[in-house]
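The structure comes first, then the details.

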Amino acid sequence: MATPILKVKGLRKSYGGQEAVKGISFEVAKGEVFGIVGPNGAGKTTTLEMIEALRPIDDGSVLLNGINVQQDPARVKQVVGIQLQSSSFYDRLKLTEQLRLFAGIYNVSIDPMALLQEVELTDKASSFVENLSGGQQQRFSIAAALVNSPLILFLDEPTTGLDPQARRHLWALVQHIKKKGITVILTTHYMEEAELLCDRVAVMDNGTIIALDTPKNLVKSLLKRGFTKAQHVEQANLEDVFIDLTGKELREA
Amino acid sequence: MKRYIYTVLVLCRTLSIRFVRDKVALFFTMLFPLLFLLVFGALNQRAGGAHFDVAIINHSDTAFAKQFVASTKNNKVLKVYNNITSIDQAKERMGRGDLDSILELPKEFGQTNDTGVPTGQVVVYYEESNPQTGQTLAGIIKQSLESTNYKLTGNVDPLTVQQKSTKTAHLTSFDYVFASVLGFTTVSLGIFGMANGFPVEKRTGRLRRLRATPLKASQLVLATALEYLLIGLASTTLMFVVARLVFHFNMRGDYLSFIVFMIFGILLMFGFGLAIGGWAKNENQSAPLANLVALPMMGVFFLRFLMPDWLDKITGYLPVVPLVNGVRAITTEGKTLFQLGSELLIMGVWTIVIYVIAIKFFRWE
């Protein structure tokens, strides 16, 4: 594996006696897109938030680009970009004003229009965030997470609630970000998304990582164990029908 | 340090832009205090040219009685309701608050006695809750009776009293009330504005997003304090201008002392709102707490003169009392900051206490 930019060791978290994350360890390489999948309550978000210095770590250690998250949370926040699941932006602010605010917080100078260009929102530059569609809001939140040119971008369920068109659009954006050399760590409930975007995937359940490998190897090892699926070779599925009928073009108000 | 302040300023500017775009907030912070000022100003202008609404029930048909009733019409202090003719009707109107008092002239009023001098007694009815009205009116009527007596008989009482209002140094009652109105709006802006603001931003996850950046809680608090200071000063300026233009407010003190004192007052009151809003997780927690803190302070304006001595002394330590007293001392007595040591001391102690509490109990979510 290439040089790891993130080293997680024995990470633990409990809430009121209930262990949500039970001592997990993994490493993420620089420039990798790393996926964490798992059912609700598996501990994905808790894990991310501990790495992002948003939640106190009960036990274990996180080294992010050599920074110890527990000891220096402020420095961690300076070098990561975070797209949170249940957060929102200030209302009554234009997108450019939002981005300038974030630039002010990180003490960096940015070109808001160039950032909006990255996420294809230049025509919405003067809109308020509350007037954007779901897909546009997710793209904007990625733009906001890129303000400080982060080493690692965290995306927590970035495509949940989006229509198929907007989801495909966001996939393209993630691939574009990966090309720029930014490490991406994302969680998702969509396996096709993980398969398409992620170099490696960690499968979490009940606060532990039960499998970690490339999507291809994970599938291979399943087949090796003798798994078979009822084979009826379909040339297309309903999603293909949907995209064929409605086109790939983004639908946004 | 430079970076720290730069972030505070950027955040403050952004918050201010948001505020200006919020029509509802603008109404409640700028226009509402103004309405409040207009209402209080109008009430106190009326008190400045004070008059009493009265009904006169005359049961007597003596010349003296007629002369007396006629003279009341020329009395600027009395506004006589001629359409009220029976005592029951008058009492009912008084119960509704339409009348301040009823003057009743008994049947034998004005009949001359053996020496040819008219005698009689005017009955002045007043509300039990408002004895001052009764006393004042009795005095006015006494004077009026004497002058009627003089016109009819030429007799002069050797000892008389003349009544004059105390418009000290040409200050009107509005000039005194203005400080209270300012204090009142500062309390409501500082406490309610902030106590509601933060919990909403927690509930919607906006603070959560900011928390994912290197922004420090103290920077958020400072930027918000600065934003509210600007809003408070804008509101104060607006009220001041209206007070001058509409109510001819007399400004005795220097503007620097006034502004510095107001800045201090706004930041102090904001501290209370901040402590409540910073601690509360949502509006359900903050709203009752804000009321609990603000209502006693507001009540002090209206009820302090009714309080027994000991309670009056205690309420003097509420932060709002030195604030209002200080503003009043500056605007009506021309005092400077250096002469307001005790006010500044009480406010200073409160400021330290409340900001320590606010920072200690601040919660991002």
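A salt bridge here is a side-chain nitrogen of Lys or Arg within 4 Å of a carboxyl oxygen of Asp or Glu. By that rule, five salt bridges cross the interface of chain B and chain A. One of them pairs A:Arg92 with B:Asp22, with the closest N and O atoms 3.4 Å apart.

This is a predicted model: local features need pLDDT of at least 70, side-chain atom pairs count only at pLDDT 80 or more, and totals for chains, interfaces and linings use all residues. Residues are numbered from 1 along each chain as its sequence is written, and side-chain values use heavy atoms, without hydrogens and water.

**The interface**

Contact means heavy atoms within 4.5 Å. Buried area is the accessible area (1.4 Å probe) that two parts lose on being put together, summed over both.

| Item | Value |
|---|---|
| Chain B in contact with chain A | 25 residues |
| Chain A in contact with chain B | 27 residues |
| Area buried between them | about 2,700 Å² |

Carbon and sulfur atoms carry 55% of the buried area. In chain B, B:Arg21, B:Arg208 and B:Arg209 lose the most area to chain A, together 27% of what that side buries.

**Helix α6 of chain A**

Helices are DSSP runs (H or I, at least four residues), numbered from the N terminus. Helix α6(A) covers residues 164–179 and has 16 residues. From first C-alpha to last, α6(A) reaches 23 Å, close to the 22 Å expected at 1.5 Å a residue, where the expected span is 1.5 Å times one less than the number of residues. Buried residues (under 20% relative accessible area, 1.4 Å probe, protein chains only) of α6(A) include A:Trp171, A:Leu173 and A:Ile177. Their cover includes α5 (134–145) and β8 (183–188) of chain A. A:Gly181 follows α6(A), with a positive phi near 90°.

Conventions. Chains lettered and ligands numbered in written order. Helix = DSSP H or I, 4+ residues; strand = E, 2+ residues; numbered from the N terminus. Buried < 20%, exposed > 50% of the residue type's maximum accessible area, 1.4 Å probe, protein only.
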